[in-house]
Amino acid sequence: MRAFEYARPTSVDDAVRLVAERPDAGFIAGGTDLLNLMKDGARAHDRLIDVNALPLADVVERDGVVRIGALARMREVAEHPAVRRAAPVVSEALLNSASPQVRNMAAIGGNLLQRTRCGYFRDAGSPCNKRVPGSGCPALEGQNRAHAILGVSDQCIAVHPSDLAVSLLAVDATVLTQGPEGARRIPMGEFHVVPGATPDRENALEHGELIVGVEIPITPMAATSRYLKLRDRATFEFAVVAVAAALEMNGNVVRDVRLTFGGVATKPWRSPEAEAALRGRPLTGDTIAAAGQALVRGAVTREHNAFKADLVQRALDGHLRDLGGVQ
Ligand code: SF4
């Protein structure tokens, strides 16, 4: 592991300045992903700014939102009564993430910035366009069972790994940041980006910009939201397919719906097409099937991950039937 400077400032302004002034500097909070990447040689920093002394760990409900500090730990947020009441999907996504040890340690801001689990990305000896731009993507023709079928490019097909991000997208959350240019509010739908020709860029943050919190608006629909995660083993495992759904019904007709997906896309994936197939229609096996077909219409599958196109439709079907009480 490369040697690095370390500092633990007590103000957000100092933390931002210490990273912004050095191109290879970075923030560290829980460190549950970053330290592994640094030990594996998949990521290098010459300065780490520990943000754990910053006053960013509170979870507060006020003025129609639940505001979660970026340093709140996954377990605290999952168990917080305001989060469970306003957005059960967020609590469920967190409880289905990682292991109890990691949930005690990992911070909310870092969770949104965790890197893909693509094995080629984490192996410093492999080419990888995300780690070394222009070096190639062995996953295109190689081991791609865990890889994405939506939002892919010919440069990268890596899945975004965060369950939390998928759940926050389903409830229209906003990411709050502080950077060298000041404060920003970034809608979750604009925070993560697809790889395109620049797979090394994964989100809207500028260098030195720090996530300081996340805001969840309190709405009737978010209060109905639920998370379903399918994975290869029952714990400490990433999603093969995940569905976050929020549903507002008028009798048996869908008044409004929000559908987001994990495990199948290069970023937390919302499907307006699938939502449109349900909105204003009765919730039935047929309309749910139409939503599933709309979801995967643009999917690009590869040798080992084609099963995901079918699995995600089955997951959507089961999840919406449970949520809407459809037999
Ligand atoms: Fe790298 Fe993306 Fe290809 Fe994985 S899928 S090897 S992360 S470029």
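A nonpolar core is here a set of buried Ala, Val, Leu, Ile, Met, Phe, Trp, Tyr and Cys residues joined through side-chain atoms within 4.5 Å. The legends below refer to a predicted model.

**View 1. The largest nonpolar core, with 41 residues.** The members that touch the most others are Ile-68, Val-90, Ile-108, Leu-112, Leu-168 and Ile-216. Helix H9, spanning residues 163-170, gives the most to this core, contributing 6 residues.

**View 2. Surroundings of Leu-168.** When residues up to four places away in sequence are not counted, Leu-168 touches Val-90, Leu-112, Ala-173, Met-188, Val-214 and Ile-216.

View 3. The space that the ligand takes is the second largest cavity.

**View 4. Val-254 in strand E11.** Strand E11 covers residues 253-262 and includes Val-254. Val-254 counts as buried because its relative accessible area is 0%, and the cut-off for buried is under 20%. Leaving aside neighbours within four places in sequence, Val-254 is in contact with Leu-247, Glu-248, Met-249, Leu-278, Arg-279, Gly-280, Arg-281 and Leu-283. Between Val-254 and Glu-275, the C-alpha to C-alpha distance is 9.7 Å, and the two are 21 residues apart in sequence.

Methods
Residues are numbered from 1 along each chain as its sequence is written. This is a predicted model: local features need pLDDT of at least 70, side-chain atom pairs count only at pLDDT 80 or more; totals for chains, interfaces and linings use all residues. Side-chain values use heavy atoms; hydrogens and water are left out. On a 1 Å grid over the protein atoms alone, a cavity is a set of points where a 1.4 Å probe fits but cannot get out, and a pocket is an open set with protein on both sides within 12 Å along at least five of seven lines; lining residues have an atom within 4 Å of a point. A molecule sits in a cavity or pocket if more than half of its atoms lie within 2 Å of its grid points. Buried means under 20% relative accessible area, exposed over 50%, partly exposed in between (1.4 Å probe, protein chains only). Helices (H or I, at least four residues) and strands (E, at least two) are DSSP runs, numbered from the N terminus. Contact means heavy atoms within 4.5 Å.
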